[in-house]
Structures are given as C-alpha cells and as structure tokens.
Amino acid sequence: MKTGYRVVEIFRTVQGEGSLVGVPMIFVRLAGCNLACAWCDTDHDNGLGPMPIDQIVDEVRALAEGTTIKHLCITGGEPTLYALESMVQQFKGQGWFVAIETNGTREFRPDEWPDLLTVSPKWPPGIDGLRQRTCDEIKIPITEGTPSDEQITELVAVCTADHWFLQPVDGVRLKENANRCLTLASKRQGFRISGQMHKRLGLL
Ligand code: SF4
C-alpha cells in the first residue's frame, strides 16, 4: 500500500451524486486504480503529483477559506490504494466531515472509516472481488448491459447499506443508460437514481 499520496486534483464544487447531492464540498482526487473501467475519466498520469499530507491539508484549507465548507470527499482513482488512516484522522480531527468513494475491492479498517463511505462496485470484478460489503451508500454505475438485473439482485443479498443508487454512465449512451436505471430502480424498493448534477450545472 502507498504511503505518499499521488494527487490528480484538489477542487471545490458541489456534490453532484448520492445522498449528499447539493452539498458544497472540497474533493481530493487520488491517482491510480486497480480496475480498468472502459468509461473511466480519471487522468491518472497527470495532475498535481506526489504530495505529503500536510500539503493536502493546506490546499484543502485554502480552498475552503472564506466559506463555511466543512465537507471533504476523497475519491479517485481508488483511494484504498493509499494508507488512508492519516488523511481521515487529520481531517476528522479538524472538524471536517469526511466522505470516501471506493470501488470496494479492499476492506476498510476501523481507523480508516470516514463519516460517509460510498461503495461503487464494478463488473468486472463483480461480487467476487467485492471486499467492502457494508457501507453508508452503494452507487452502481449502469451501462447498457452491465451489471445485469440478476447481478444487482445478488449484490443486494450480500451488502448492507443505508442508501442504494443506480447511476447512468455518462457519454453518448446516457439516455439509454438512464432509461435502464429507471427500469431497474422501478423494480426495487428503496432504490434511487443518481445523476451527476455537478456536470449538468457545469460545476466541475
Ligand atoms: S473503479 Fe473508478 S477509478 Fe477505477 S477504473 Fe473504474 S471508474 Fe476508474
């Protein structure tokens, strides 16, 4: 596991997805992932480069200066490639609400737990590769045929979460993916569709 942080970008915007949609937030996007989704839009090879934790804290603080923002989202890439304990504890200790989004392929230790843990499983590897099966919210990216209806049912059987979201993958097939989300969500109690509000508003 990496102990230094390779940072793609640190930026201020609104949370456009999931249960905190609409909340102004600072995002720290870390580079690198153990999966290779066809639609991945993270530029892992460019960005801010390696940063010590103190520099990350300073950058986040500078972006929040003059605002009331106290929500931080650590995303990627795949954050669990890094030792998250110090980052989570530093920000929590300074009164930040810390959210993390992971693909769920590595289990979180108690000292790494954020205030909001979002698992966004991917196929592949699907359920066989899913180690983190308890979280606050599950956000499933939906494309034309993946995951299948049955794979979602299997996921529900093995995971525990307060909130379940289906999110259409962006791109030329957004409308088809959104329609598929509607079909899949309509069959399941408690499922909601998550868009990417920040993109629609141009708040990137
Ligand atoms: S899990 Fe996320 S960061 Fe990793 S390849 Fe897939 S979309 Fe990209």
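**Start at helix 1**

Select residues 53-64: this is helix 1, whose 12 residues reach 17 Å from the first C-alpha to the last, close to the 16 Å expected at 1.5 Å a residue. (The expected span is 1.5 Å times one less than the number of residues; helices are DSSP runs of H or I with at least four residues, strands are runs of E with at least two, and both are numbered from the N terminus.) Now click on Gly66, which follows helix 1 and has a positive phi, near 80°.

Two notes before going on. Numbering starts from 1 along each chain as its sequence is written. The model is predicted, so local features need pLDDT of at least 70 and side-chain atom pairs count only at pLDDT 80 or more, while totals for chains, interfaces and linings use all residues.

**Zoom out**

From the N terminus on, they run β-β-β-α-β-α-β-β-β-α-β-α-β-α. The C-alpha trace spans about 45 × 35 × 30 Å along its principal axes.

**Into the core**

Next, select Val28, Leu30, Leu72, Ile74 and Val98. Of the 39 residues in the largest nonpolar core, these touch the most other members. Such a core is a set of buried Ala, Val, Leu, Ile, Met, Phe, Trp, Tyr and Cys residues joined through C-beta atoms within 7 Å; buried means 20 or more other C-beta atoms within 10 Å of a residue's own, with C-beta atoms placed from the backbone. Strand 2 (residues 24-30) gives the most to this core, five residues.

(Contact means C-beta atoms, placed from the backbone, within 7 Å.)

**A proline in a loop**

Jump to Pro121, in the loop between strand 6 (116-119) and strand 7 (137-142). Is Pro121 buried or exposed? Buried, because it has 24 C-beta neighbours inside 10 Å. Not counting residues up to four places away in sequence, Pro121 touches Asn103, Gly104, Leu130, Ile140 and Leu155. Try the distance tool on Gly104: 17 residues away in sequence, its C-alpha is 6.1 Å from that of Pro121.

**Last stop: the ligand**

Which residues are around the ligand? Select Cys33, Leu35, Ala36, Cys37, Cys40, Thr42, Gly76, Gly77, Glu78, Asn103 and Lys122. Each has its C-beta atom, placed from the backbone, within 6 Å of the ligand.

Definitions and conventions. Buried ≥ 20, exposed ≤ 12 C-beta atoms within 10 Å, placed from the backbone. Contact = placed C-beta atoms within 7 Å.
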